[in-house]
Amino acid sequence: MSVDAVTVRRIAHLARIAVSEDEVPHLQGELNAMLAFVEQLSEVNVEGVEPMTSVTPMQMKKRQDVVDDGEIADDIVANAPATEGHFFLVPKVVE
Amino acid sequence: MTDLTSLTLAEARKGLADKTFTSLELTDAHLSAIEAARVLNAFVMETPDRARDMAKAVDEKIAKGEGGPLAGIPLGIKDLFATKGVRTTACSKILGNFVPTYESTVTSQLWRDGAVMLGKLNNDEFAMGSSNETSCFGPVGNPWRRDGSNTTLVPGGSSGGSASAVAALLCMGATATDTGGSIRQPAAFTATVGIKPTYGRCSRWGIVAFASSLDQAGPIARSVRDAAMLLRSMAGHDPKDTTSVDIPVPDYEAAIGKSVKGMKIGIPREYRLDGMPAEIEKLWSEGAAWLKAAGAELVEVSLPHTKYALPAYYIVAPAEASSNLARYDGVRYGLREPAKNIIELYENTRASGFGAEVKRRVMIGTYVLSAGYYDAYYLRAQKVRTLIKKDFEDCFAKGVDAILTPATPSAAFGIGEKGGADPVEMYLNDIFTVTVNMAGLPGIAVPAGKDAQGLPLGLQLIGRPFDEETLFSLGEVIEQAAGRFTPARWW
């Protein structure tokens, strides 16, 4: 499988990465090189094989249903580029 | 006094215990070495004041006989580990001046045991790379050069700063991470020892995530014993990482010098690649001969799905990365580019914050997870992964204790030499290491010799899950036979 320019722009949008028109051909070439490389997986017989969901066989641990953290709003917003009080600021989302 | 930076960690521990020198003296010697080696670009942030404060505090503890297992040992920390109050960037522009308000579990355990932080080490952006050339801080120089040449070579990646700093005697050991070979490949390129432990052995909490089902932390050090000492402090159960395993951490150092007599060592025929350099082939046979001489038994084994590990990796890792890196949105931390609306804010921020390699992988990951392609790519890759793991399980079920392979298909190469036209050319560096991540197994790279141009080459040992001890025992045999290698200083 390979991707065309339209698909490259669609993937970029899905990935939320702005891509200029002159970047598209280059990206298309690189993505297609990667897709050509992984193409060989189609020759593996995976009939009846379970997909891996956990590297080590282990029971998924569950945390206690208790509050063990919190009251750190100052820490949470400490690195934000734009804040007001304990809120993150973003451009207007709802008209 | 001998140059304090040339001691191994084990030697320094003894010197500190005997009060031959203090941690402050040891730390100052390394801070001077770092200053004199800035041309290598191994450190992206030096923290001399913090280092001296930590050293003084630990000297007091040592005086009172309260020093931990790593008391007074100066270390470098890969910039992928969150360090409280010290800028952590994953060497990406998108994290900007991110200053964590928390400490990663692995580093907090090192400080608990008395280690001293010298600074943060360079790496490929978000650990995506095999040469440390994708860092937003620029490439790292390998302290090793070809005989008679002054071309600067890459130290490998993604833990290039860690490997370069340890090889150049700038720190006594370093933290590193390995998703497809990022500890073992740079270790092999710099004649250092690097171990990626079993998945779940070290907590991933507080380490910038790349591909969560593959990422593991481990040390890079100057000897097998030093690596064992560091891993013991780094490993252990952490309730904050649900994939961290709740089993006791053994005293890895006790495995050093243990007899390997009667151990069965697998030599996988699929690792014998067409066109493999004769030097690598020779190194591999030499390594096998050393283990045999120490009493181990060599058996040829087959890992039939080996060639599919790298292509499967280049679906699984980017898919997980595209999901993990969705958090860099210009809202909560890091870089933010101006925009008229929220979508543009995301798109502009991510376009200017991510480097080319990261964008490429996020996009491939987005594609293979997108509607209509999931089954053909991601699901198939995860099935292939099951088969890769089964290859190893079958091999271990036949009584094989560990598997010996080359660590890399070549020695270090020059900056800008690889991957310019085709990204896959760079990816092939990890051909011998990536299988280990896909199966969640432990793997160690140990220096074993040099190529005709005088560059170091390494061997890899792959072990059973949670049997790092066997790898340390076998690694020590190789180190004893091959000796240790130090680069000639040119910086």
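## Two chains in a predicted model

Read along the sequence, chain A runs α-α-α-β-β, that is, three helices and two strands, where helices (H or I, at least four residues) and strands (E, at least two) are DSSP runs numbered from the N terminus. This is a predicted model, in which local features need pLDDT of at least 70 and side-chain atom pairs count only at pLDDT 80 or more, while totals for chains, interfaces and linings use all residues. Residues are numbered from 1 along each chain as its sequence is written, and chains are lettered from A and ligands numbered from 1 in the order in which they are written.

**Chain A**

- The radius of gyration of chain A (taken over C-alpha atoms) is 22 Å, well over the 12 Å that the globule rule (2.2 Å times the number of residues to the power 0.38) gives for 95 residues, so chain A is more spread out than a compact globule.
- Along its principal axes, the C-alpha trace of chain A spans about 55 × 45 × 25 Å.
- Of the 95 residues in chain A, 15% are buried, a word used when 20 or more other C-beta atoms, placed from the backbone, lie within 10 Å of a residue's own, whereas 12 or fewer make it exposed and counts in between make it partly exposed.

**Where the chains meet**

- The contact between the chains, counted where C-beta atoms placed from the backbone lie within 7 Å, takes 37 residues from chain A and 53 residues from chain B.
- On the side of chain A that touches chain B, helix H1 (5-14) and helix H2 (24-38) each supply at least two residues, and H2(A) gives the largest share, with seven residues.
- That side of chain A divides into 29 nonpolar, three polar and five charged residues, where Ala, Val, Leu, Ile, Met, Phe, Trp, Tyr, Cys and Pro count as nonpolar, Asp, Glu, Lys and Arg as charged, and the others, Gly among them, as polar.

**Chain B as a whole**

- Chain B has 15 helices and 11 strands, and its radius of gyration of 21 Å is close to the 23 Å that the globule rule gives for 491 residues, so chain B is as compact as a globular protein of that length.
- Buried residues make up 62% of the 491 residues in chain B, and its C-alpha atoms fill a box of roughly 65 × 55 × 50 Å, taken along the principal axes.
- Among the contacts in chain B with a separation of 6 or more, 77% join residues 24 or more positions apart.
- An unreviewed UniProt entry annotates residues 25-471 of chain B as "domain: Amidase", and over these residues the chain is 35% helix and 14% strand.

- Leaving aside residues up to four places away in sequence, Val116(B) touches several residues, including Ala51(B), Val58(B) and Leu75(B).
- Ala163(B) lies in helix H5 (residues 160-167) of chain B and counts as buried, because it has 38 C-beta neighbours inside 10 Å.
- Although Ala163(B) and Ala42(B) are 121 residues apart in sequence, they are 8.6 Å apart in space, C-alpha to C-alpha.

How values were computed. UniProt positions renumbered as here; feature names shortened; annotations may be inferred. Contact = placed C-beta atoms within 7 Å.
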